[in-house]
Amino acid sequence: MKRIKRIGIFQTAKVFGIVYFLITAFFMIPFALISTVMSDYIFPEIPFSSGIVFVILPFIYGVLGFVVIPIVVLNVA
């Protein structure tokens with residue numbers, strides 16, 4: 001049986017950043033489409049008023065996951 005001796009902080013940060021991005025994108029892209037269609041009816045004078053936020057959100061979550069996870073790993077280890 002093998003035992004984990006060390007956790008690579010950079011590798012862990014990359015994996016969590018990608019996972020956070022994918023999970024958030026999975027949920028936010030449909031919300032962006034629905035929000036864009038609905039905002040055309042509610043606010044016709046402002047194109048793409050709220051759908052852009054939902055598209056940018058997965059990138060923000062990915063970067064935050066990449067930055068925060070090493071801090072957590074260093075404090076736990």
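Is Thr 24 buried or exposed? I began my notebook with this residue, and I found that Thr 24 counts as buried because its relative accessibility is 10%, where buried means under 20% relative accessible area, exposed means over 50% and partly exposed lies in between, with a 1.4 Å probe and protein chains only.

**Entry 1: the model.** I noted that this is a predicted model, in which local features need pLDDT of at least 70 and side-chain atom pairs count only at pLDDT 80 or more, while totals for chains, interfaces and linings use all residues. Residues are numbered from 1 along each chain as its sequence is written, and side-chain values use heavy atoms, with hydrogens and water left out.

**Entry 2: the whole chain.** I looked up the secondary structure and found two helices and zero strands in the protein chain; helices (H or I, at least four residues) and strands (E, at least two) are DSSP runs, numbered from the N terminus. Of the 77 residues, 21% count as buried. I also looked at contacts (heavy atoms within 4.5 Å), and of those with a separation of 6 or more, 71% come from residues 24 or more positions apart.

**Entry 3: around Thr 24.** I placed Thr 24 in helix H1, and I saw that its side chain reaches the backbone oxygen of Tyr 20 at 2.7 Å. Not counting residues up to four places away in sequence, Thr 24 touches Leu 57, Pro 58 and Tyr 61.

**Entry 4: aromatic pairs.** How many aromatic pairs does the structure hold? I found four, using the rule that rings of Phe, Tyr and Trp (its six-membered ring) pair if their centres lie within 6.5 Å, with planes under 30 degrees apart counted as stacked, over 60 as edge-to-face and the rest as tilted. One of them joins Phe 10 and Phe 66 edge-to-face, at 5.8 Å centre to centre and 85° between the planes. This pair links distant parts of the chain, with Phe 10 in helix H1 (residues 9-42) and Phe 66 in helix H2 (residues 51-76), 56 residues apart. Phe 10 is exposed because its relative accessibility is 53%, whereas Phe 66, at 34%, is partly exposed.

I then turned to Phe 16 and Tyr 20, which form an edge-to-face pair at 6.0 Å centre to centre, with 80° between the planes. Because they are four residues apart in helix H1, Phe 16 and Tyr 20 are separated by about one helical turn. Both are partly exposed, Phe 16 with a relative accessible area of 34% and Tyr 20 with 31%.

**Entry 5: Thr 12.** I found Thr 12 in helix H1, and Thr 12 counts as buried because its relative accessibility is 17%. Leaving aside neighbours within four places in sequence, I saw that Thr 12 is in contact with Ile 7, Ile 69 and Val 73.

Technical notes. A polar contact is a pair of N or O atoms within 3.5 Å; within protein, one must be able to donate a hydrogen and the other to accept it, and residues adjacent in sequence count only if both atoms are side-chain atoms.
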